[in-house]
Amino acid sequence: MAYLASDTHHAECAPVAHQPAPQIAQLVVSKWRFPVALAVFLAILSNNAQYSIYGSVTATAAQHFESSTTTITSLALWNSAAFIPSFYPSTWLLDTHGIKAGLITSGAINSLGALIRWLSFYSSTTSSRIAMLYTGSILCGLASPTATDTSTKTAALWFPENERLLANSVMQLGTPLGIALGSFIAPAIVNQDPSLIPALNRLMFILAAIFGLSSFLASNNPSTGPPSASAAARQDVPFWEDMLLIMKNGPFWILVWVFAVIIATFGTMVTFVSNYAQPFGYTETDCGNQAIVMVGSGILMSLVVGYILDRTKAHRPTIKILVTLFLAGTGVFYLGCVNPGQLWVLYAGSVLAGIGGIPVVGIAMELGAECSYPVAEAISSGILMLSSQVLTMAMIAATNSLIDPVNGTLWRGLILIVAFAGSALVAAMFYSAPNRRMDLEKQYEERLKLANAFKLLKCVDCFG
């Protein structure tokens, strides 16, 4: 329930997770929440666009840089690996200095990485161009967690409880849309001409700089007051105390496995879709369409699920249903691959994987904040994203090693995907942690109703 600035309510908020019960004077929904969310969305979009630009022009980029295609494809791996050392400083930055400092830092590092990749054009030797290419890609990777981890904190501090999940989901859509943007822009500009790679890099730097400037739209907290009881009840806790609390939280680590598996398996499916399907007789166009269907269906489902769950609060049963759909999608996709000519089966698997996979991102981030409250949202989101990055790298490496030496197919890699999806479903069935923020907000509303009823009775007595 959201309270407008004209509505003032006085009620005591029940304590949650050993916090004292603060007096909440006013819950206010700020109109500035939308520009702040836009700044977060653009930061995530820009960073993921940098990640994906060479994926669709690998051979052409290799010609320009006078390197192998393996060198170009390894940039994505180094970008993901950079997430790991950046986890602690980015989480600390968001926790101690807030949203605005995090977004400005992320935008600056991302822009610097894009600039270095563009300036590699002016280098005189192949080795120095490659070194600058790697340096720029790693810097973009270092900027990633600060951008990605901001969405849950922004949703918690700026949005009321009936908008939080949808807001988080929309901000996180910057990831698939950013990847799609990079994948679309690159071939449109390069058009298989190696000499146009610098033009591509220049455009990506300009976009990074422009999107980075949007970070100045952000503020750490609404000046009008907190939008929810959980935001108002939050107290500043030292960073390491938050870390110790979350390390001891068993249900949160169940959620970590579910989240990491879904993100890693979905990412691996999109990355290797051609490797999975083409050896069984499907065309490049067929494979490209599968990736589009997975991402497109997932985006639509995220918006629908976010809108519904913000009103029903049925996060826990929904994540179990979604993981079930994702498991079914991986199984159907496997059957479509190994049975050539069954394109409709392949599409069915892609749709199920999309609608079961992408919506889990926002829901799991919100549940991570729920079960670990009052731990700072940047910490729970950071751990979730770190785990998914590590598992993604491991699954990509494992998939590369599972190519059938006889016929060159990846049927064993598909079995790995199905097996991991099954483990996520098993873990999801055991997740039953309380929704601490929602419970606090429900208690606040109940006390508010009692307080209003008491005021009404006093008014009746006065006029009686």
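## Helix H19 and its cover

The buried residues of helix H19 (residues 411-429) are covered by elements that include H12, helix H13 (273-277), H15 and helix H18 (377-400). Helices (H or I, at least four residues) and strands (E, at least two) are DSSP runs, numbered from the N terminus. The buried positions of H19 are Gly413, Leu414, Leu416, Ile417, Ala421, Gly422, Ala424, Leu425, Ala427 and Ala428. Buried means under 20% relative accessible area, exposed over 50%, and partly exposed in between (1.4 Å probe, protein chains only). The end C-alpha atoms of H19 are 28 Å apart, which agrees with the 27 Å that its 19 residues should span at 1.5 Å a residue; the expected span is 1.5 Å times one less than the number of residues.

This is a predicted model, in which local features need pLDDT of at least 70 and side-chain atom pairs count only at pLDDT 80 or more, while totals for chains, interfaces and linings use all residues. Residues are numbered from 1 along each chain as its sequence is written, and side-chain values use heavy atoms, with hydrogens and water left out.

## Overall composition

The protein has 20 helices and two strands. Of its 464 residues, 54% count as buried. Among contacts (heavy atoms within 4.5 Å) with a separation of 6 or more, 82% are accounted for by residues 24 or more positions apart.

A nonpolar core is a set of buried Ala, Val, Leu, Ile, Met, Phe, Trp, Tyr and Cys residues joined through side-chain atoms within 4.5 Å. The largest one has 89 residues, and Tyr54, Ile319, Val323 and Phe333 have the most contacts inside it. Helix H12 (residues 250-271) supplies the largest share of this core, eleven residues. Apart from it lies another core, of 16 residues, which includes Ile99, Leu157, Phe159 and Met171. Beyond its neighbours within four places in sequence, tyrosine 54 touches Ala61, Phe65, Ile72, Leu75, Arg117, Leu133 and Asn201.

Helix H15 (residues 315-338) has 24 residues. From its first C-alpha to its last, H15 reaches 35 Å, close to the 34 Å expected at 1.5 Å a residue. Its buried residues are His315, Thr318, Ile319, Lys320, Leu322, Val323, Phe326, Gly329, Thr330, Phe333, Gly336 and Cys337.

## Packing against helix H6

Helix H1 (residues 33-52) packs on helix H6 (residues 150-158) at about 175°, with axes 10 Å apart. That angle makes H1 roughly antiparallel to H6. Axes are lines fitted to C-alpha atoms, for helices over the stretch in contact, and angles run from 0 to 180 degrees between N-to-C directions. Angles under 35 degrees count as roughly parallel, over 145 as roughly antiparallel, 65 to 115 as roughly perpendicular and the rest as oblique. Arg33, Val36 and Val40 of H1 meet Thr150, Ser151, Thr154 and Trp158 of H6. The residues of the contact of H1 with H6 are three nonpolar, three polar and one charged; Ala, Val, Leu, Ile, Met, Phe, Trp, Tyr, Cys and Pro count as nonpolar, Asp, Glu, Lys and Arg as charged, and the others, Gly among them, as polar.

Helix H4 (residues 83-119) packs on H6 at about 100°, with axes 11 Å apart. H4 is therefore roughly perpendicular to H6. Leu94, Asp95, Gly98, Ile99 and Leu103 of H4 make the contact with Thr150, Lys153, Thr154, Leu157 and Trp158 of H6. By class, the residues of this contact are five nonpolar, three polar and two charged.

## Helices H2 and H9

Helix H2 (residues 58-65) and helix H9 (residues 197-213) have axes 10 Å apart at an angle of about 105°. This makes H2 roughly perpendicular to H9. On the H2 side the contact involves Thr60, Ala61, His64 and Phe65, and on the H9 side Ile197, Pro198 and Asn201. Four of the residues of this contact are nonpolar, three are polar and none is charged.

## Backbone details

Most residues other than glycine have a negative phi, and most peptide bonds are trans. The peptide bond from tyrosine 373 to proline 374 is cis, with omega near 15°. Proline 374 lies in the loop between helix H17 (359-372) and H18.

Glutamate 66, in the loop between H2 and helix H3 (69-81), has a positive phi, near 55°. Glutamate 66 is exposed, at 54% relative accessible area. Glutamine 192, in the loop between helix H8 (174-190) and H9, also has a positive phi, near 65°. Glutamine 192 is exposed, with a relative accessible area of 72%.
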